[in-house]
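Take a walk through this protein chain, from its overall build down to single pairs of side chains. Keep the structure in view as you read.

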Amino acid sequence: ILRESIARLERSGAEKEAETAGFQGQVKNSEATRRRLHNLVLELKGNIRVFCRVRPQLPAEVGAGQASVVSFPDSTAGGEDRGVLLQGSAAKTATGADAVVTHHFQFDKVFRPEVGNAQVFEEISQLVQSALDGYKVCIFAYGATGSGKTFTMEGPPRWDRGSDVSGEDRGMIPRAVAQVFEAAQKQQAQGWSYAMTAQFVEIYNEALRDLLAGSAEATVSSGPAFGSSAAARGGLAINRSGSVAASGSQPSVGGSSAAPKHEIRHEEGVTTVSGVKVVAVRDEAAVSRLLATASKNRTFGETQCNDHSSRSHSVFTLTITGTNASTQQTTRGVLNLVDLAGSERLALSGATGERKIETQHINKSLSCLGDVISALASKQAHVPFRNSKLTYLLQTCLGGEAKLLMFVNVSPVAACTEQSLCSLRFATKVNSCEVGTARRAIASSAKE
């Protein structure tokens with residue numbers, strides 16, 4: 001009788017375990033469905049999606065005994081984090097008691113410090129795929145200096161300057177490029193072929209700089225704008241010297257060797273920058289070489305907040321033109337991947353001289369970005385895109401023609417609480433902003 005009872009209990013236990021596993025699977029499936037529907041709603045509304053990423057504490061911070069002031073209260077049964085809690089400074093209540101002020105924020109996704117770049121990229125991979133399908137896609141990283149933006153977008157810093165764009169911890173830019181080429185190869189079975197061009201610029205002290213200048217790759221013309229013969233007027237053309245200049249622009253006077261002046265032009269939904277190097281890329285390795293060159297050419301500096309601080313906004317652009325011989329369709333997608341310079345307070349950074357000027361330009365351009373977001377959120381008739389080079393360069397993306405995602409990067413330590421709070425509040429405003437539904441750029445040459 002005892003054996004039968006034990007056997008009965010074991011069977012019952014096994015059935016309960018199987019039932020529990022089934023329920024857990026349903027929870028995970030429900031969460032996956034919720035995420036898909038949530039993204040669909042945001043896409044239909046035209047909202048900017050926002051992912052929050054909290055970096056790990058640095059060894060020096062741990063050694064100094066700096067505790068984390070960030071926690072994650074809203075973990076779901078499926079392991080999804082959508083909330084982040086920031087512990088603020090202590091304050092006195094009406095009764096004179098000490099109280100800790102906490103700030104709670106919710107975003108489309110929150111990444112804990114232990115989450116690596118590979119797992120983060122899984123969450124944006126479908127958005128990257130949209131560029132191959134003919135959409136404009138813009139992914140940018142925002143946050144205070146030292147919060148992990150460049151690590152997220154490019155990868156960890158290398159000993160020989162620049163970022164590691166090919167290692168296991170490589171960032172969103174090299175991973176996105178790898179996915180685009182892999183997906184393009186698979187699409188060949190459906191009759192698609194793709195031509196891709198890349199450019200990489202930085203905005204330093206409100207001046208555009210070509211991060212690919214001096215690279216060995218040959219410069220190509222960007223060709224006419226997609227779906228429009230007239231838009232070719234705003235394209236890039238190759239001069240006899242091999243340099244690139246905007247069609248119809250004036251040549252430099254007296255053959256001056258000074259750095260070229262780059263102009264931003266928007267024409268029929270196509271953005272071009274005069275004088276920058278546009279390179280045809282045929283494989284991932286070619287892009288990796290360009291990324292390595294750009295990373296070494298980018299402007300970095302040391303401040304009290306960060307000993308490897310990005311002093312410029314960088315914008316990598318991959319233009320993808322697809323053609324299908326059997327359906328006679330053509331698509332034109334654009335993938336913009338943006339690493340914004342970190343906001344910082346002069347009192348904390350201790351910046352003087354050149355670093356102070358850089359900080360002032362960085363903070364002003366980020367303030368202009370905030371003004372644009374505010375204008376879009378309140379649906380104002382005038383949006384001040386032209387107030388900074390950054391917002392003007394991203395005008396077609398922010399103006400409702402692209403699928404947008406923003407990473408807000410946050411430092412977990414108490415010393416950065418005020419800047420983290422500002423970043424999270426800005427990200428909340430961005431998350432509520434409706435910029436319009438992205439449109440696919442596709443045309444057919446088939447005759448009726």
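Among contacts with a separation of 6 or more, 69% join residues 24 or more positions apart in the chain. The model is a predicted one. The chain holds 12 helices and 19 strands. It has 448 residues, and 47% of them count as buried. The exposed surface comes to about 21,800 Å². Carbon and sulfur atoms supply 51% of that area.

Helix α6 covers residues 172–187. Its 16 residues reach 22 Å from the first C-alpha to the last, close to the 22 Å expected. α6 is mostly covered, with 12 of its 16 residues buried. Among them are M172, I173, V177 and F181. Helix α12 spans residues 417–431. It has 15 residues and reaches 21 Å, close to the expected 21 Å. Its buried residues include L421, L424, F426 and V430.

Next come the aromatic rings. A pair of rings is described by the distance of the centres and the angle of the planes. The whole structure has 6 aromatic pairs. One of them joins F200 and F316, edge-to-face, with 5.4 Å between centres and 65° between planes. F200 lies in strand β7 and F316 in strand β16, so this pair ties together parts 116 residues apart in sequence. Both F200 and F316 are buried. Elsewhere, ring pairs link F51, F111 and F407 into a cluster. A ring can also have a charge over it: K403 lies over the face of Y135, 4.2 Å from the ring centre.

Side chains of opposite charge can pair when their charged atoms come close. The search finds 8 salt bridges in the whole structure. Where do D339 and R298 sit, buried or exposed? Both are buried. Their side chains meet in a salt bridge at 2.6 Å, N to O. This pair links distant parts of the chain: D339 is in strand β17, and R298 is in the loop between α7 and β14, 41 residues apart.

K379 and E434 form another salt bridge, with their closest N and O atoms 3.9 Å apart. K379 lies in the loop between α9 and α10, and E434 in the loop between α12 and β19, so the pair ties together parts 55 residues apart in sequence. K379 is exposed, at 59% relative accessible area. E434 counts as partly exposed, at 33%. Finally, salt bridges that share partners join E154, R298 and D339 into one network.

Methods. Residues numbered from 1 in each chain as written. Predicted model: local features only at pLDDT ≥ 70, side-chain atom pairs only at ≥ 80, totals over all residues. Heavy atoms only, no water. Helix = DSSP H or I, 4+ residues; strand = E, 2+ residues; numbered from the N terminus. Expected span 1.5 Å × (residues − 1). Buried < 20%, exposed > 50% of the residue type's maximum accessible area, 1.4 Å probe, protein only. Contact = heavy atoms within 4.5 Å. Areas by Shrake-Rupley, 256 points an atom, 1.4 Å probe, with all protein chains shown as cover. Phe/Tyr/Trp six-rings, centres within 6.5 Å; stacked < 30°, edge-to-face > 60°. Lys NZ or Arg CZ within 6 Å of the ring centre and 35° of its normal. Salt bridge = Lys/Arg side-chain N within 4 Å of Asp/Glu carboxyl O.
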